[in-house]
Amino acid sequence: MKAVFENLGALTYLASGGPAHVFRARNSRELENFTRDFDNYRVLGNGSNVIVSSAGLSEPALILDGDFKRVSVRGNDVTAGAGALLKDVIKISAAAGLSGLEDLAGIPASVGGAVFKNAGAFGSSIGDLLKRVKFYRAGKEYGISAALIRTSYRKGPVQIPAVISEVCFSLRKKSKDKIIERIKEVTAMRKKKGFIYRKGSGCIFRNPDARPAGKLIEECGCARFRAGAVSVSPLHANVFVLGGANPAGDAYELMKKIRLRVYKEKGIYLEPLVEFWGRFGKQI
Ligand SMILES: Cc1cc2nc3c(=O)[nH]c(=O)nc-3n(C[C@H](O)[C@H](O)[C@H](O)COP(=O)(O)OP(=O)(O)OC[C@H]3O[C@@H](n4cnc5c(N)ncnc54)[C@H](O)[C@@H]3O)c2cc1C
């Protein structure tokens, strides 16, 4: 498996990014070799939760391709390679009359990224549907099954350094019409809340305790903050509207600006949910 030196801008959802050595693993042998040869690397899913510095990465980035994009259905179980897109898994599950993933419709994730972050929406989290997760670490494959799977708010069952390779979801039978109806409902609600594709991020900050970060941001008067061409979304204060020539740098500055204001006003230090990869300005 050879690395290609390429710009991550085209591979990340948030249109940020500089150059990196990119490896594409297409089968388990390549993944085994990669995780044996490297211990410091980044796994890139659909790039919807990472903002990459325009300076790029010093460590290699791994993408799961080929076999890792397969999805299959057996009884109530849906097994997906970690490189598959969550939207495709939802579509295939719905066509098979299998329910459980509908609330996650519209999250622009790969299966691996969604499980790593324990992605969720409308009270559902992907972690609650997991029957089995396979991952690679240091050249070896591991598997954990439901009884041993532990997840929490935006924290999946596998910690780095590891590459999630395959996931099995345990779903329930339901009428296809009802599943599709729920997907449409969820999609409409997401649009209303401001989770709009291409122009917007997902949630920038974790909710501290039970308090929504968006509410704190509004209470601290940051709802109209901007940095360069990146601004707080008028629809949702915990979402950034991205744009301009340096969206990564501007998003980082805006994140810092809001965090400082919220800390001064409320004594709460907001923790980013979005990951900033590569080198950015000075940390506060
Ligand atoms: C418009 C928009 C709406 C969003 N809405 C939601 C929402 O409703 N709920 C929600 O929870 N999130 C939401 N997000 C955030 C994002 O989609 C999730 O965090 C998602 O889980 C990230 O998946 P990804 O494949 O894009 O991962 P990436 O952004 O590529 O990576 C995210 C993290 O996962 C790790 N990772 C990726 N693949 C693997 C793997 N195979 N093995 C190990 N680690 C891996 C990466 O290394 C990184 O640490 C939204 C984002 C956007 C842009």
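**Entry 1: the core**

I began with the largest nonpolar core, which has 80 residues; Leu62, Val111, Ile164, Val167, Ile217, Phe240 and Ala251 touch the most other members. Helix 6, residues 247–266, supplies the largest share of this core, seven residues. For my own reference, a nonpolar core is a set of buried Ala, Val, Leu, Ile, Met, Phe, Trp, Tyr and Cys residues joined through C-beta atoms within 7 Å. A residue is buried if 20 or more other C-beta atoms lie within 10 Å of its own, exposed if 12 or fewer, and partly exposed in between, with C-beta atoms placed from the backbone. Helices (H or I, at least four residues) and strands (E, at least two) are DSSP runs, numbered from the N terminus. In soluble globular proteins, nonpolar side chains tend to be buried together.

Beyond the residues up to four places away in sequence, isoleucine 217 touches Cys222, Ala223, Val232, Ala237, Asn238, Ile258 and Val262. Two residues are in contact if their C-beta atoms, placed from the backbone, lie within 7 Å.

**Entry 2: what I am looking at**

A note to myself: this is a predicted model, where local features need pLDDT of at least 70, side-chain atom pairs count only at pLDDT 80 or more, and totals for chains, interfaces and linings use all residues. Residues are numbered from 1 along each chain as its sequence is written.

**Entry 3: the whole protein**

I found six helices and 18 strands in the protein. Its radius of gyration is 19 Å, close to the 19 Å that the globule rule gives for 284 residues, so the protein is as compact as a globular protein of that length. The radius is taken over C-alpha atoms, and the globule rule is 2.2 Å times the number of residues to the power 0.38. Along the principal axes, the C-alpha atoms fill a box of roughly 50 × 45 × 30 Å.

I also checked burial and contacts. Of the 284 residues, 42% are buried. Among contacts between residues at least 6 apart in sequence, 65% join residues at least 24 apart.

**Entry 4: domains and the ligand**

The domain assignment gives domain 1 (4–66), domain 2 (71–193) and domain 3 (213–277); such bounds come from an automatic or database domain assignment. I noted 28 Å between the C-alpha centres of domain 2 and domain 3.

Where does the ligand lie? Domain 1 and domain 2 both give residues to the shell around the ligand, so the ligand lies between them. The shell has 32 residues, and the closest are Gly45, Ala109, Gly112, Gly113 and Gly202. A residue is near a molecule or strand if its C-beta atom, placed from the backbone, lies within 6 Å of it.

Helix 3 gives the most to this shell, four residues. Strand 3 (42–44), helix 3 (111–116), strand 9 (120–121) and strand 13 (163–170) each supply at least two. By class, I read 17 nonpolar, 12 polar and three charged residues in the shell. Here Ala, Val, Leu, Ile, Met, Phe, Trp, Tyr, Cys and Pro count as nonpolar, Asp, Glu, Lys and Arg as charged, and the others, Gly among them, as polar.

Most residues other than glycine have a negative phi, and most peptide bonds are trans. With that in mind, I looked up some exceptions.

Phenylalanine 122 has a positive phi near 50°. It sits in the loop between strand 9 and strand 10 (124–125), and 13 C-beta neighbours inside 10 Å make phenylalanine 122 partly exposed.

Alanine 138 also has a positive phi, about 50°, although it is not a glycine. I found alanine 138 in the loop between strand 11 (130–137) and strand 12.

The peptide bond from isoleucine 160 to proline 161 is cis, with omega near 0°. Proline 161 belongs to the loop between strand 12 and strand 13.

Is leucine 98 buried or exposed? It counts as buried, with 23 C-beta neighbours inside 10 Å.

Glycine 143 is in strand 12 and is exposed, with 12 other C-beta atoms within 10 Å. Not counting residues up to four places away in sequence, glycine 143 touches Arg132 and Lys134.
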